Amino acid sequence: MSDNEDQKDKWNIPPLDGSNFSKWAIHMEIHLKAKELWSVCMNTLAKDATAAAKTKHEKASNKAINIIVAKINNIIFIEVMNKLTKNNAYELWKSIKKQ
């Protein structure tokens with residue numbers, strides 16, 4: 001199996017379309033945990049975090065957002081994406097759960 005095929009298999013998450021949140025959320029949680037990105041979807045950054053912690057959190061949040069957005073359809077994307085959610089995985093996940 002080529003690297004591209006292997007990567008495709010790892011991403012075998014059906015896009016969120018509004019009717020499949022429960023299944024999608026389980027797949028996405030597992031995938032984000034494997035990438036060590038789940039915590040940024042569940043926790044906000046501490047207000048007294050160091051500059052290094054802020055940088056690490058921001059990078060992880062951006063990676064998580066990229067993965068999540070790749071697996072939601074355009075309608076959901078339009079409904080959940082805004083100034084806050086485009087830079088904050090925690091707020092994006094919270095917004096998606098409300099859909």
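1. Helices here are DSSP runs of H or I with at least four residues, numbered from the N terminus. The side chains of Lys33 and Glu29 join in a salt bridge, with 2.7 Å from N to O. The term salt bridge stands for a side-chain nitrogen of Lys or Arg within 4 Å of a carboxyl oxygen of Asp or Glu. Lys33 is partly exposed at 44% relative accessibility, and Glu29 is also partly exposed, with a relative accessible area of 26%. For these labels, buried means under 20% relative accessible area, exposed means over 50%, and partly exposed lies in between (1.4 Å probe, protein chains only).

2. Before going further, a word on the model. This is a predicted model, in which local features need pLDDT of at least 70, side-chain atom pairs count only at pLDDT 80 or more, and totals for chains, interfaces and linings use all residues. Residues are numbered from 1 along each chain as its sequence is written, and side-chain values use heavy atoms, with hydrogens and water left out.

3. By the salt-bridge rule the count comes to two. The other pair to look at is Lys94 with Glu91, whose closest N and O atoms are 3.3 Å apart. Lys94 and Glu91 sit three residues apart in helix 6 (residues 89–98), so about one helical turn separates them. Lys94 is partly exposed at a relative accessible area of 33%, whereas Glu91 is buried at 17%.

4. Leaving aside neighbours within four places in sequence, Glu91 is in contact with Leu84 and Thr85, where contact means heavy atoms within 4.5 Å.

5. Ser95 is another residue of helix 6, and at 15% relative accessibility Ser95 counts as buried. Beyond its neighbours within four places in sequence, Ser95 is in contact with Val80 and Thr85. The C-alpha atoms of Ser95 and Ile76 are separated by 10.0 Å, the two residues being 19 residues apart along the chain.

6. The largest nonpolar core has 22 residues, and Trp24, Leu32, Cys41 and Ile68 touch the most other members. Helix 2, helix 3, helix 4 (51–69), helix 5 (74–80) and helix 6 each supply at least two residues of this core. Helix 4 gives the largest share, five residues. A nonpolar core is a set of buried Ala, Val, Leu, Ile, Met, Phe, Trp, Tyr and Cys residues joined through side-chain atoms within 4.5 Å.

7. Which residues does Trp24 touch, not counting residues up to four places away in sequence? They are Ile13, Pro14, Pro15, Leu16, Ile68, Lys71, Ile72, Trp93 and Ile96.

8. The structure holds three aromatic pairs. One of them is the tilted pair of Phe21 and Trp24, at 6.1 Å centre to centre and 40° between the planes. Rings of Phe, Tyr and Trp (its six-membered ring) pair if their centres lie within 6.5 Å; planes under 30 degrees apart count as stacked, over 60 as edge-to-face and the rest as tilted. Phe21 and Trp24 are three residues apart in helix 2, so about one helical turn lies between them. Phe21 is partly exposed, with a relative accessible area of 27%, whereas Trp24 is buried at 0% relative accessibility.

9. The rings of Trp38 and Trp93 have centres 5.0 Å apart and planes at 85°, so this pair is edge-to-face. Trp38 lies in helix 3 and Trp93 in helix 6, so the pair ties together parts that are 55 residues apart in sequence. Trp38 is buried at a relative accessible area of 13%, and Trp93 is buried at 4% relative accessibility. Phe21, Trp24, Trp38 and Trp93 form one aromatic cluster.

10. One backbone point to check: Glu36 has a positive phi of about 60° although it is not a glycine. Glu36 is placed in the loop between helix 2 (21–34) and helix 3 (38–42), and Glu36 is exposed, with a relative accessible area of 70%.
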